[in-house]
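Let's take a walk through this structure together. Have the sequence and the 3D view open, and we'll go from one stop to the next.

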Amino acid sequence: MEVGGGVDSATKSQRRVGLLYDERMCKHSTSDGNPHPENPDRIKVIWNKLQANSIPQRCVLLEAKEAEDKHILAVHSQNHVKLVKKISSRQFDSRRNRIASNLNSIYLNEGTSEAAYLAAGSAIEVTERVAKGEVDSAVAIIRPPGHHAEEDEAMGFCLFNNVAIAASYVLNEKPELGINKILIVDWDVHHGNATQKMFWKDPRVLFFSVHRHEFGSFYPATDDGFYTMIGEGPGAGYNINVPWENGRCGDADYFAVWDHILLPVAKEFNPDLIIVSAGFDAAVGDPLGGCRITPYGYSVMLKKLMNFSNGKIVLALEGGYNFESIAKSMLACVEVLLEDKPIIGSSEAYPFESTWRVIQAVRQKLSTYWPSLADELPEELINKAAPAAYDLTSSSDSEAEEDHKSSKVSQNLEEALQEIIDPLSKLKVDDSTRDHVATWRSELSKVDIWYAAFGSNLWLKRLLCYIQGGQVDGLQKPCAGSVDKTPPKEIMWKTFPHRLFFGREFTQSWGPGGTAFLDPERNSQDKTHMCLYRIALEQFNDLLVQENVGRYAMSSPLFDLAALKSVTGEEPHSLEVRVEKGWYRNVVYLGKEHNIPILTMTCTPSAIEGFKSGELALCAPSKNYANTIVRGLVEGEQLSQEEAMLYIQEASTKAL
């Protein structure tokens with residue numbers, strides 16, 4: 001049913017764009033009213049933005065419809081459909097929250113069933129209208145999103161896989177429409193895991209997903225989104241994943257993927273219809289995505305797709321959790337579909353080096369299926385890469401990511417540089433403080449400990465930066481060094497039954513990418529290689545400072561003899577040092593070697609829980625950071641280079 005079309009005889013040459021929005025989909029919300037990123041306001045702000053720009057008057061307004069079970073069952077199991085259909089009924093009132101708690105990132109309420117059926121049915125409605133030619137293209141402002149919803153399981157805010165249901169409908173239920181090949185472009189920042197599985201063996205659907213992956217550590221945190229996952233049987237080659245190794249990818253990175261992977265393959269595939277899983281959580285400012293696509297970027301990406309399938313394109317909303325970004329981005333896309341104003345903007349940035357690396361890997365993997373990907377990219381092209389973004393406020397791996405975003409960096413640059421370069425030994429203190437410092441340093445210099453390294457400090461040259469000052473390849477800034485610059489008295493290697501993992505998305509020392517952490521809990525199934533450096537407790541304090549705050553005039557030690565006695569004597573064998581912030585302020589006792597205590601430093605127990613719950617981001621290490629670990633393990637004769645890379649990959653991908 002068309003409502004208030006707004007397309008009169010004066011604008012017949014304008015593209016007819018279908019637009020669907022229904023506020024009934026806002027009934028799906030948290031039962032307790034607690035805030036949640038996937039909330040009803042997401043679609044409200046989009047609709048309000050379109051209304052403010054008179055978009056509905058220029059579109060063909062379409063009416064939302066609930067999907068029929070038989071169409072949903074084409075991609076979902078009977079049990080799953082039955083659960084979603086009944087979950088909002090009174091018989092589930094006492095069980096609803098418990099059911100939701102057993103699912104992955106799902107909430108349920110009295111309005112969930114209706115919203116889910118409307119979202120799926122609306123995706124079918126807009127897709128069928130475009131397939132019939134009644135409109136040239138269409139936009140479905142729908143929720144809950146769908147691309148994570150598996151055949152038999154709701155997950156990742158998704159209940160029914162709206163796009164997969166719509167694609168299956170026109171391919172299988174409406175053969176008379178002549179839609180024999182569909183290109184699904186998933187530009188949501190998360191991998192479309194479920195859509196991929198639903199068309200895994202189907203050559204009629206070319207599924208393309210570009211997403212943050214970080215070697216399986218970014219949600220949905222599986223290997224399914226890796227570039228080696230290309231489909232199976234008759235569907236081999238029809239599944240294309242472009243897995244970002246890091247966050248902060250923006251317009252230039254996505255344009256490069258479009259130009260050198262998606263568009264050449266789309267030309268060969270020659271789709272009859274394109275459906276975009278239009279998540280806007282890769283947009284600038286999204287709290288979950290961490291990427292940087294601008295509304296201009298989305299405009300260009302969509303415009304390039306309009307050269308295929310005679311412009312038959314459907315946009316179905318997926319993710320996107322920054323209200324301003326999703327509203328502006330969707331507005332930009334609808335204006336492109338209407339073709340009534342030029343695309344304004346520019347992008348002079350270069351892609352990241354990691355982007356070119358991923359593009360080359362994808363092209364090589366798929367070149368046997370798509371001849372257009374067989375040629376190697378010119379060196380002069382891939383050498384045009386953006387440097388890693390970083391600022392110069394500390395030499396510490398541990399400064400919080402928000403410090404990176406500070407608008408005051410340029411004002412304090414000269415001061416920050418000076419603070420970084422000045423070694424701790426040159427810090428000026430008054431006479432009374434000097435005497436106190438001399439006393440505790442003298443005391444702690446006589447006590448040896450084993451410092452057990454598990455991250456970049458596995459490489460001796462990297463560890464010496466913290467002791468003697470300086471920097472190694474890949475390290476963005478020089479370290480201050482310790483007051484006592486004596487190298488370790490002894491070095492040995494051991495393995496410990498603890499879990500190594502990589503977390504955070506950016507550090508001041510290494511730029512984009514995760515850094516290593518150790519779970520203090522022992523687990524006999526885990527094994528972490530650790531290099532033990534015999535150093536003075538005084539030097540260990542200087543390492544603590546540099547790992548956590550970068551610069552700090554220590555009038556007193558962070559970890560003194562009393563702390564050492566406490567951590568070695570009683571459970572739990574860990575102690576948080578007194579710094580306001582820092583990712584390595586939890587000192588953990590691992591036992592003794594030659595009657596000398598073994599200490600390491602990792603994140604706090606609360607941070608561990610944050611990584612496990614997903615509140616804090618797990619993230620694979622950058623190439624430079626990983627290389628320091630590899631060099632440490634190889635030069636320490638613990639692993640071969642290949643074994644070291646597999647060791648890092650396993651730690652990056654194994655779930656906490």
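Let's start in a loop: Pro-220 sits between strand 6 (205-212) and strand 7 (239-244). Helices (H or I, at least four residues) and strands (E, at least two) are DSSP runs, numbered from the N terminus. What is the peptide bond from Tyr-219 to Pro-220 like? That bond is cis, with omega near 5°.

Before going further, a word on what you're looking at: this is a predicted model, where local features need pLDDT of at least 70 and side-chain atom pairs count only at pLDDT 80 or more, while totals for chains, interfaces and linings use all residues. Residues are numbered from 1 along each chain as its sequence is written, and side-chain values use heavy atoms, with hydrogens and water left out.

There's another cis peptide bond to look at, joining Arg-143 and Pro-144, with omega about 0°. Pro-144 belongs to the loop between strand 4 (137-141) and helix 6 (162-173).

Now step back to the whole chain. The protein chain has 21 helices and 19 strands. Of its 656 residues, 58% are buried. Buried means under 20% relative accessible area, exposed means over 50%, and partly exposed is in between (1.4 Å probe, protein chains only). Contact means heavy atoms within 4.5 Å. Taking the contacts in the chain with a separation of 6 or more, 76% are between residues 24 or more positions apart.

Next come some helix pairs. Two packed helices are described by the angle between their axes and the distance between the axes. Axes here are lines fitted to C-alpha atoms, for helices over the stretch in contact, and angles run from 0 to 180 degrees between N-to-C directions. Helix 5 (residues 112-132) packs with helix 6 at an angle of about 40°, and their axes are 8 Å apart. That makes helix 5 oblique to helix 6; angles under 35 degrees count as roughly parallel, over 145 as roughly antiparallel, 65 to 115 as roughly perpendicular and the rest as oblique. The crossing of helix 5 and helix 6 is right-handed. A crossing gets that label if the near helix is turned clockwise from the far one by less than a right angle, and is left-handed if anticlockwise. Which residues of helix 5 and helix 6 meet? From helix 5 come Ala-116, Ala-119, Ala-120, Ala-123, Ile-124, Thr-127, Glu-128 and Ala-131, and they meet Asn-162, Ile-165, Ala-166, Tyr-169 and Val-170 in helix 6.

On the helix 20 side, Ala-626, Ile-629, Val-630, Leu-633 and Val-634 make the contact, with Gln-641, Ala-644, Met-645, Tyr-647 and Ile-648 on the helix 21 side. The crossing of helix 20 and helix 21 is right-handed.

At the start of helix 18, a side-chain oxygen of Asp-560 comes to within 3.2 Å of the backbone nitrogen of Ala-562.

Let's finish with some single residues. Leaving aside neighbours within four places in sequence, Ser-329 is in contact with Phe-280, Ala-283, Pro-295 and Tyr-298.

Asn-310 lies between helix 9 (295-305) and strand 9 (313-317), and is exposed at 75% relative accessible area. Arg-504 lies between strand 12 (498-503) and strand 13 (506-507), and counts as buried at 2% relative accessibility.

How values were computed
A polar contact is a pair of N or O atoms within 3.5 Å; within protein, one must be able to donate a hydrogen and the other to accept it, and residues adjacent in sequence count only if both atoms are side-chain atoms.
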